[in-house]
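User: I would like to learn how to read the features of a structure one at a time, with the general idea stated before the particular case. Could we work through one together?

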Amino acid sequence: MSISHSTSLLPRLLFIHTSGQVLSRTRISRTMAMSASEGDVYVGTTERGLTQELQFPVPWGNIAGKAWGDPLGRPVLGLHGFLDNANTFDTLAPLLPKDLYFVSLDLSGHGQSSHFPLGMTYKYENYLMDVHRVVQALGWKKFSFIAHSLGGSIAIMYSAVFPASVERLTLLDISGPFYHPLEGTVERLADSVHRKLHVEKTSQLPPHVYSREVALNKLLQGNEWVTRKSGAVLLERGSREVEGGDFITQ
């Protein structure tokens with residue numbers, strides 16, 4: 001990405017310091033220069049060090065992300081798995097070559113990204129749109145993927161649709177396509193309609209609020225292969241603090 005591209009995308013992209021402050025153009029340029037200085041270690045939030053928090057405006061809110069490295073470096077996009085978030089790569093990102101600009105996304109409905117409006121479903125085609133919106137906002141003409149599980153499937157789909165834009169594809173434990181026999185198609189479709197309408201109704205109920213410890217235990221119960229340390233990393237971005245010090249899962 002050339003400097004001219006970098007300058008032109010600034011009005012379309014918000015850089016947010018780890019303190020939560022939105023940076024001005026002057027501060028953005030200064031932050032970019034700081035990111036490019038020698039000796040920086042690009043790791044995750046809080047005790048995992050410095051990152052840049054990003055927000056990409058979309059019609060229903062924002063797609064959030066976080067970045068390691070110099071924005072003028074080789075562009076790489078990280079896509080997480082189902083019900084995970086951009087913190088998936090917090091322990092991997094510090095080990096990547098320092099000449100990369102690694103942007104890890106929260107797909108819509110995950111992490112700090114806005115949820116889709118009621119009535120809109122979470123499908124591969126919509127996630128494909130998430131990725132393309134972000135790539136266009138960043139001004140990337142050619143980039144690489146590092147993607148996990150659901151993110152891997154989205155990356156494969158994007159690479160097939162826009163092959164000239166993808167340089168390399170690194171996949172970690174991708175989720176394969178779902179196959180169902182032709183028999184029972186009508187019944188499955190009817191069931192899908194009923195379930196989606198049910199989800200719409202339950203989405204309007206008051207959300208569940210848990211303490212941090214209870215929320216972490218629930219996350220681990222549903223994901224037996226996730227370690228407690230990794231679960232805490234995911235929960236950090238997959239929840240938000242509410243009054244009383246409790247956390248509400250997103």
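This is a predicted model: local features need pLDDT of at least 70, side-chain atom pairs count only at pLDDT 80 or more; totals for chains, interfaces and linings use all residues.

User: How many helices and strands does the chain have, and what percentage of its residues count as buried?

Analyst: Helices (H or I, at least four residues) and strands (E, at least two) are DSSP runs numbered from the N terminus, and the chain has seven helices and 10 strands. A residue is buried under 20% relative accessible area, exposed over 50% and partly exposed in between, with a 1.4 Å probe and protein chains only; of the 250 residues, 42% count as buried. Taking a contact as heavy atoms within 4.5 Å, 63% of the contacts between residues at least 6 apart in sequence join residues at least 24 apart.

User: Which residues line the second largest pocket, and which element gives the most to its lining?

Analyst: The search uses a 1 Å grid over the protein atoms alone, where a pocket is an open set of points that fit a 1.4 Å probe, with protein on both sides within 12 Å along at least five of seven lines, and lining residues have an atom within 4 Å of a point. Here the second largest pocket has a volume of about 160 Å³, the volume being the space filled by probe spheres set on the points. Its lining consists of Arg 74, Pro 75, Val 76, Leu 100, Lys 142, Phe 143, Ser 144, Phe 145, Ile 146, Glu 167, Arg 168 and Thr 170. Two or more of the lining residues come from each of β4 (74–79), β6 (143–148) and β7 (166–172), and β6 gives the most, with four residues.

User: How should I read an aromatic pair, and which rings link into a cluster?

Analyst: Rings of Phe, Tyr and Trp (its six-membered ring) pair if their centres lie within 6.5 Å, and planes under 30 degrees apart count as stacked, over 60 as edge-to-face and the rest as tilted. By this rule the count comes to 10 aromatic pairs. One of them joins Trp 68 and Phe 102, a tilted pair at 5.6 Å centre to centre with 35° between the planes. Because Trp 68 lies in strand β3 (residues 61–68) and Phe 102 in strand β5 (residues 100–105), the pair ties together parts that are 34 residues apart in sequence. Both Trp 68 and Phe 102 are buried. Ring pairs also link Trp 140, Phe 143, Phe 145, Tyr 158 and Phe 162 into a cluster.

User: Is Leu 83 buried or exposed, and where is Ser 149 found?

Analyst: Leu 83, in the loop between β4 and β5, counts as exposed at 64% relative accessibility, and its phi is near 65°, a positive value in a residue other than glycine. Ser 149 is found in the loop between β6 and α4 and has a positive phi near 55°, but Ser 149 is buried, with a relative accessible area of 17%.

User: Which residues does Ser 159 touch?

Analyst: Ser 159, in helix α4 (residues 150–161), is buried at 15% relative accessible area. Not counting residues up to four places away in sequence, Ser 159 touches Phe 145, Val 166 and Leu 169.

Terms used:
Residues are numbered from 1 along each chain as its sequence is written. Side-chain values use heavy atoms; hydrogens and water are left out.
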